[in-house]
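Here is a short report on one protein model. Look at the structure first, then read on.

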Amino acid sequence: MWRGVRVSPIINSVSFASVAQHPSLRSLNHRPWPLPTGPWTWRQTWHDLLFLHWPIAAGDLRPLIPDCLEIDEHSGSAWVGVIPFWMSGVAPRSLPALPIASSFPELNVRTYVRLGERRGVWFLSLDAGSRLAVWAARWSYHLPYVYASMDVRHGDQGIGYRSVRADGVGFVADYAPGGPPVLAPPGALEHWFVERYCLYTRARSGRIYRADIHHEPWPLQPARAHVTRNDMLRVHGIAIEGPAAHQHFARRLDVVVWPLEPV
């Protein structure tokens with residue numbers, strides 16, 4: 001039986017009194033550019049992430065990406081990812097994390113772009129199991145969040161994940177790590193997928209913004225995944241069928257986010 005993920009008892013991985021010394025800032029040398037000069041404004045922790053990636057022709061993505069952003073490619077291809085996970089400790093820097101609002105599942109559909117030398121992430125959609133999070137992210141970061149009914153279960157065999165929007169668009173999978181964590185070397189495709197330190201977004205006005213993020217290097221693991229439903233690509237007009245070409249898992253990562261800035 002599916003049940004909602006119950007994470008509130010452990011959500012606040014960073015206490016309100018210690019937010020200035022966020023654990024993600026223990027390591028900085030791996031960043032491709034310096035930290036922003038201003039203060040970060042949001043903190044969060046990501047848990048039990050499954051990275052599913054498929055190659056795709058850059059031309060198939062071009063209608064979905066603003067013209068000013070270059071579609072980033074690796075191994076002769078653009079890539080699109082579907083990433084289910086759950087979040088905890090989501091809160092502004094100046095406030096404590098509230099149990100009723102700071103922990104919820106999320107499901108991202110994303111691809112990879114660059115502007116100059118700054119490689120980042122472009123989100124095609126972000127489903128979340130919190131109406132408040134959907135509203136806040138749409139308002140403050142212009143991100144294409146959608147509310148969905150989402151459940152996560154943890155068992156001996158791994159993680160069960162279910163997400164269904166009101167219009168029926170859904171994703172269902174069971175997954176688990178399949179090996180020990182490894183830090184991918186620079187240049188490797190796995191490194192290229194995840195070691196990105198900004199996101200790009202577009203306001204209703206059409207203006208493009210960038211937000212810096214920071215975290216320690218990703219401790220990726222091989223993943224075992226059984227996906228029984230995946231509507232998340234076709235809803236964007238992406239005609240990809242079959243299992244992902246690459247599957248990875250990450251248990252946990254602490255993250256801080258800076259405000260948007262126009263580019």
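Which residues have the most contacts inside the largest nonpolar core? They are Trp-54, Val-80, Val-82, Phe-171, Leu-233 and Ile-238, and this core has 38 residues. A nonpolar core here is a set of buried Ala, Val, Leu, Ile, Met, Phe, Trp, Tyr and Cys residues joined through side-chain atoms within 4.5 Å. Buried means under 20% relative accessible area, exposed means over 50%, and partly exposed lies in between, with a 1.4 Å probe and protein chains only.

The model is predicted: local features need pLDDT of at least 70 and side-chain atom pairs count only at pLDDT 80 or more, while totals for chains, interfaces and linings use all residues. Residues are numbered from 1 along each chain as its sequence is written, and side-chain values use heavy atoms, with hydrogens and water left out.

**The whole protein**

The protein has 3 helices and 12 strands. These are DSSP runs, numbered from the N terminus: helices are H or I with at least four residues, strands are E with at least two. The C-alpha trace spans about 50 × 45 × 40 Å along its principal axes. The radius of gyration is 17 Å, which agrees with the value near 18 Å that a compact globule of 263 residues would have. That radius is taken over C-alpha atoms, and the globule rule is 2.2 Å times the number of residues to the power 0.38.

Of the 263 residues, 52% count as buried. The protein exposes about 12,200 Å², and carbon and sulfur atoms supply 55% of that area. Areas come from the Shrake-Rupley method with a 1.4 Å probe; for residues, only the protein chains shown count as cover.

A contact means heavy atoms within 4.5 Å.

Leaving out residues up to four places away in sequence, Val-80 touches Leu-52, His-53, Trp-54, Ile-56, Val-109, Arg-110, Leu-124, Leu-233, Ile-238 and Ile-240. Another core lies apart from the largest one; it has 33 residues, among them Trp-46, Tyr-112, Ile-213 and Val-257.

Tyr-175 lies in strand β8. Its relative accessibility is 2%, so Tyr-175 counts as buried. Residues up to four places away aside, its contacts include Asp-48, Leu-49, Pro-84, Tyr-161 and Phe-249.

Asp-48 is found in strand β1. Asp-48 counts as buried because its relative accessibility is 4%. Its phi is positive, about 50°, although Asp-48 is not a glycine. Most residues other than glycine have a negative phi.

**Another positive phi, and a helix end**

Where is Ser-75 found? Ser-75 sits in the loop between β2 (70-71) and β3. Its phi is also positive, about 60°, and Ser-75 is not a glycine. At 59% relative accessibility, Ser-75 counts as exposed.

Helix α2 covers residues 131-141, and its buried residues are Ala-133, Val-134, Ala-136, Ala-137 and Tyr-141. His-142 follows α2 and has a positive phi near 55°.

Arg-234 lies in the loop between β11 (221-230) and β12 (246-262). Arg-207 lies in the loop between β9 and β10 (208-214). Arg-93 lies in the loop between β3 and β4. Are they buried or exposed? The table gives each relative accessibility.

| Residue | Relative accessibility | Class |
|---|---|---|
| Arg-234 | 52% | exposed |
| Arg-207 | 46% | partly exposed |
| Arg-93 | 26% | partly exposed |

Now compare sequence with space. Arg-234 and Val-169 are 65 residues apart in sequence, and their C-alpha atoms are 9.5 Å apart. Arg-93 and His-22 are 71 residues apart along the chain, with 9.8 Å between their C-alpha atoms. For Arg-207 and Pro-23, 184 residues apart in sequence, the C-alpha separation is 33 Å. Not counting residues up to four places away in sequence, Arg-207 touches Thr-201, Arg-202 and Pro-262.
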